[in-house]
Amino acid sequence: MKLYFSPGACSLADHIALVESGLPFTTEHVDLKSKITADGADYRLINPKGYVPALELEDGEILTENIAILSYIAAESERLSPPEGIAHWRVLETTAYISTEIHKAFKPLLVPSAGEEAKAQARALLLRRLVLLADQLGEQPCLFGQHPMIADCYLFVMLMWAKGRAGMTLPPPLEAYFQRLGQHPSVQQALEEEGLTLP
Ligand SMILES: N[C@@H](CCC(=O)N[C@@H](CS)C(=O)NCC(=O)O)C(=O)O
């Protein structure tokens, strides 16, 4: 498998999940401005959506969208999500919440032309949505217990953005969670491979 990524982008969630899964994979950097890959290919011919992540499967199929890629990694590795039952759907439910309600809520904070009022509203909305995950986390090390699931891989990146790009102060349980996950070997490996340091 090959993950097309950009350092620190949401593709970092898939990168962490791949390391954590133990599955064999390679990565290829995509310049999101020029849409050219490290190998000099036109990324839009690989993924017409033009954004990362994209995962090239062993048979050459290209899979896109974080929720699909993370779910694929979990299914292939039989790790990172319970295989069946309500616990499986709870992990997917939280992964979808992170993608559609948290990831998308960053938009005004990433667009240079957005005004200060729009940015302040985005921070307030993000905080309200993150608080629900802090409540879900409670005293547990990870969202669903002892071990990271695909939702944790994604949430870690969103918290990294919240602290770094958005300059937000996290609710204390999420700050402690972020610090804990930041020390996790798979997270450290993915960060190192993308040349990143923690905010
Ligand atoms: N719906 C997509 C969104 C992916 C996305 O927002 N990718 C961003 C990086 S985090 C990107 O590549 N942006 C560059 C662009 O759209 O040109 C998913 O969940 O995978």
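Start with the largest cavity, which holds about 40 Å³ of space. A cavity here is a set of points, on a 1 Å grid over the protein atoms alone, where a 1.4 Å probe fits but cannot get out. Points are joined across faces, edges and corners, and a volume is the space filled by probe spheres set on them. By this rule there is one cavity of 30 Å³ or more.

Before going on, note that this is a predicted model: local features need pLDDT of at least 70, side-chain atom pairs count only at pLDDT 80 or more, and totals for chains, interfaces and linings use all residues. Residues are numbered from 1 along each chain as its sequence is written, and side-chain values use heavy atoms, with hydrogens and water left out.

Stop 1: Select Ile-16, Glu-20, Pro-148, Asp-152, Cys-153, Phe-156, Leu-181, His-184, Ser-186 and Val-187; they line the largest cavity. Lining residues have an atom within 4 Å of a grid point. Helices H1 (11–21), H7 (150–163) and H9 (185–193) each give two or more residues to this lining. H7 provides the largest share, three residues. Helices (H or I, at least four residues) and strands (E, at least two) are DSSP runs, numbered from the N terminus. By class, the lining has six nonpolar, two polar and two charged residues. Ala, Val, Leu, Ile, Met, Phe, Trp, Tyr, Cys and Pro count as nonpolar, Asp, Glu, Lys and Arg as charged, and the others, Gly among them, as polar.

**Stop 2: the largest pocket.** Its volume is about 530 Å³. A pocket is an open set of points with protein on both sides within 12 Å along at least five of seven lines. Select Cys-10, Tyr-51, Val-52, His-103 and Lys-104, which lie nearest the centre among the 18 lining residues. Then color H3 (66–77), H4 (85–103), H5 (107–110) and H7; each supplies at least two residues of the pocket lining. That lining divides into 11 nonpolar, three polar and four charged residues.

**Stop 3: the ligand.** What takes up the space of the largest pocket? The ligand does. Show the residues around the ligand, including Ala-9, Leu-32, Pro-53, Asn-66 and Trp-161; near means a heavy atom within 4 Å. Now look for polar contacts, pairs of N or O atoms within 3.5 Å. A side-chain N or O atom of Lys-35 is 2.6 Å from a ligand oxygen. A side-chain N or O atom of Glu-65 is 2.6 Å from a ligand nitrogen. At Val-52, a backbone N or O atom lies 2.8 Å from a ligand nitrogen.

**Stop 4: two backbone details.** Most residues other than glycine have a negative phi, and most peptide bonds are trans. Select Val-52 and Pro-53: a cis peptide bond joins them, with omega about 5 degrees. Pro-53 sits in the loop between helix H2 (43–46) and strand E4 (54–56). Finish at Glu-65, where phi is positive, near 80 degrees. Glu-65 is in the loop between strand E5 (62–64) and H3.

Technical notes. Polar contact = N/O pair within 3.5 Å; in protein donor to acceptor, adjacent residues only side chain to side chain. Sits in = over half its atoms within 2 Å of the grid points.
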